[in-house]
Structure formats: C-alpha cells, structure tokens
Amino acid sequence: IVRQVAAFNPYSLILIDQAETPLHSLRLEIKNKWKEVKAHTIVADIANKSRMERIFMDATPDYIYHAAAYKHVPMMADLAVKYNATKFVMVSTDKAVNPTNVMGCSKRISEIYVQSLARHIENTRTCRTQFITTRFGNVLGSNGSVIPFFREQIKRGGPVTVTHPEITRYFMTIPEACQLVLEAGSMGRGGEIYIFDMGNPVRILDLAKRMIRLSGQQNNVRIEFTGLRHGEKLYEELLSNAEHTKPTHNDKIMVATVREYEYDEANRLITEMIEQSFEYDDMVNVGNMKRMVPEFKSVNSVFELLDETGEKGEGGGVRSEG
C-alpha cells in the first residue's frame, strides 16, 4: 500500500509497525525511490492507546489504512473520529464470513464496529470521517502465506504438509490486493463493506504439487496430510448465505449488503467483552464473541461445547438489510 501511495506524491506518509526491521527496510526503499516523499516511520504497538493517541495528536492523518491483524480496531476508529480524519479503511478477511475460529470472529466484530460507527456518524452528522471496510482472501507471498512456507519445505527436502486433500483457498497477488484496497477506499462514502472478486478458489494440494514439480523435486519430495487445524474450514466464503452484493463501476469490487448492528449496542457488547477479557477465561471470552456473532460456529475445537449447550445466547441490537 505504501509503495502504491508513494507514487502519487502525498504530502507525507506515516508508517506504524511494531516490526522495526521491515519498517526500516521500507523507509530506506522510499528514500531511494521517492526522494520527494516525506515518510515518517514509527515503531509502535497499535494496541497501546496512549502511544497511538500521541501519534494521532501530532500527525492528524487524513487517510488511515488499518491493515494490522488481531489488533484494537475500535480504539483506532475512535481516534480517527477524535482527530477528524477524512477516511478510515479497514482491511478484513473472508474468514469473517460464518467464522469458525476466534480470529475470523474477531475480524467480523471489527467489521461490525466500523460499520455501525459509520452509520452512527451518518445519522448524527457528528464528524466528517468516512469508514470503509474491505474483505478478501489470501494474499500470495504475504506474511504467513502458504507459498513461502511450501517453498521452504521443498528446499529442506520435504515433506510438504497439507492439512486436507480437499482444502481450497482464494488467492490474490499483493499489488492487486493493494490496488483494490486503495480504490475501494477512494470510492467509499462511509459504511460500505467491499468484497473483491478473487477468481476461482485454488485447491491447496494442487498448489503443492505444482510447486514441487516446478522445483524439479517431484521424485524426492513427498506430500503429507496433517489434518485440519482448530477452527480451519475446508473452503472460505466471501459472503454468507444471508448476504447479497451490489456492483460498482469496477467489476472486481462489489458492495456487500450485510446484517447491520446499532452502534450503541455494538459498542456496549465490545466494551463488556474487553472488560471481561481481563479475567482470562477462554470459555467466557469466546462465549461473549458467539453472543455478538451468532453465526460463529466452532469447528474442531473445544469451543464447540458452547454451540452444543447454547450458552452463547442470542445476538442483540441487530437489524436486517437487503
């Protein structure tokens, strides 16, 4: 995203990450390729509220791209409002649709908060900040991607580990994903959840076989099936059955019409969830997540017990649309 934005010669770029080495490398690259761009690199954990408050106070950014995983989206969104940012773009995931694990559900809760806040701002006209969410699948070559993982396993002589012979995933290249995030952020007016056309899903077994073949090691490297991990789906979805899409001028980008939550209720549920999380009781914490996102059904996990007993309760403050 930084590389694509730098090409448009912005007044300044503020890069925040807690991984200092890649942040430093990117700063050197910007200095070499885009000498006129003022790029400020800040090593910080975005879950540190006081640290982020100071950064926002000093920088007053116009556009915010929230691409951090498992972090405090509500806190970042609130700071965007407080410091009157123009746009806040949140990068979500297909794992937020009918989530089967805590990570996917946490992303869905992030979507809920951002969208409900956008609607609240639209109704009350309290500030100018527009909140946009983008939702897509796996990005080739990104941190944690299966491609470099398989490459390393092949280099070591195998085995290449695949969880299940029928598991499939959607894939997109890094430049394409970044371009669509930027375009969706630009066209959004607040409250939209944009989904991207990811093409056809890829069977991970076929991907592993092809990589082994291209390496010339097909006679030396075997494939081993390890079984689905906790909360892992055989296939990912970009929309749940209850959701619909509307087209945009870009045939690669669609607007999802999803169930929406009232801001006050969403804010209350998330606040309670955060407060109870300090008790460090996984069953209570996951139960609270299931209460807020009733379509969250655990798979291959101890938390399936919560689905069987119905302890999660029912989601509140929900209104349907579309």
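**Ground rules.** I am working with a predicted model, where local features need pLDDT of at least 70, side-chain atom pairs count only at pLDDT 80 or more, and totals for chains, interfaces and linings use all residues. Residues are numbered from 1 along each chain as its sequence is written, and side-chain values use heavy atoms, with hydrogens and water left out.

**Helix crossing.** I looked up helix α5 (residues 102–124) and helix α9 (residues 263–277), whose axes come within 9 Å and cross at roughly 140 degrees. Axes are lines fitted to C-alpha atoms, for helices over the stretch in contact, with angles from 0 to 180 degrees between N-to-C directions. Helices here are DSSP runs of H or I with at least four residues, and strands are runs of E with at least two, numbered from the N terminus. Which residues make the contact (heavy atoms within 4.5 Å)? I found Ile109 and Tyr113 among those of α5, and Ala266 and Ile270 among those of α9.

**Aromatic pairs.** I count rings of Phe, Tyr and Trp (its six-membered ring) as paired if their centres lie within 6.5 Å; planes under 30 degrees apart are stacked, over 60 edge-to-face, and the rest tilted. The count comes to five aromatic pairs. Phenylalanine 56 and tyrosine 83 form a tilted one, 6.3 Å centre to centre with 45 degrees between the planes. Both of these residues are buried, meaning under 20% relative accessible area, against over 50% for exposed and in between for partly exposed (1.4 Å probe, protein chains only). Phenylalanine 88 and phenylalanine 131 are also tilted, at 5.2 Å and 45 degrees. Phenylalanine 88 lies in strand β4 and phenylalanine 131 in strand β5 (residues 130–135), so the pair ties together parts 43 residues apart in sequence.

Definitions and conventions: Contact means heavy atoms within 4.5 Å.
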